[in-house]
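Reader: I have a model open and would like to talk through the labels attached to it. Could you take me through them?
Author: Gladly; here it is.
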Amino acid sequence: MARETDLEGGGKPDDPVDPVKFKAMEARLRELERENDFLKKVSAFFAKEQR
């Protein structure tokens, strides 16, 4: 079972950040944001077409 600090993304404040992992996570975040924007536009388009 996860501890509360794990659920909050917490950890010890002095834990080092892996720069490679951080860059990969940033790239994935940007990719997901682009996908979400695309899906919002597509759903708006189809909602408009249904009327």
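Reader: How many aromatic pairs does the count come to?
Author: The count comes to one aromatic pair. Rings of Phe, Tyr and Trp (its six-membered ring) pair if their centres lie within 6.5 Å; planes under 30 degrees apart are stacked, over 60 edge-to-face, and the rest tilted.

Before we go on, this is a predicted model: local features need pLDDT of at least 70, side-chain atom pairs count only at pLDDT 80 or more, and totals for chains, interfaces and linings use all residues. Residues are numbered from 1 along each chain as its sequence is written, and side-chain values use heavy atoms, leaving out hydrogens and water.
Reader: Why is the pair of Phe45 and Phe46 called edge-to-face?
Author: The ring centres of Phe45 and Phe46 are 5.2 Å apart, so the rings pair, and their planes stand at 75 degrees, so the pair is edge-to-face.
Reader: What makes Phe45 partly exposed?
Author: Buried means under 20% relative accessible area and exposed over 50%, with partly exposed in between (1.4 Å probe, protein chains only). Phe45 has 45%, so it is partly exposed. Phe46, at 48%, counts as partly exposed too.
Reader: How do you know that Arg28 and Glu31 meet in a salt bridge?
Author: A salt bridge needs a side-chain nitrogen of Lys or Arg within 4 Å of a carboxyl oxygen of Asp or Glu. For Arg28 and Glu31 the N to O distance is 3.3 Å, so the pair qualifies. The structure holds one salt bridge.
Reader: Where do Arg28 and Glu31 lie?
Author: Both lie in helix H2 (residues 19-50), three residues apart, about one turn of the helix. Arg28 is partly exposed at 41%, and Glu31 is partly exposed at 32%.

Technical notes: Helices (H or I, at least four residues) and strands (E, at least two) are DSSP runs, numbered from the N terminus.
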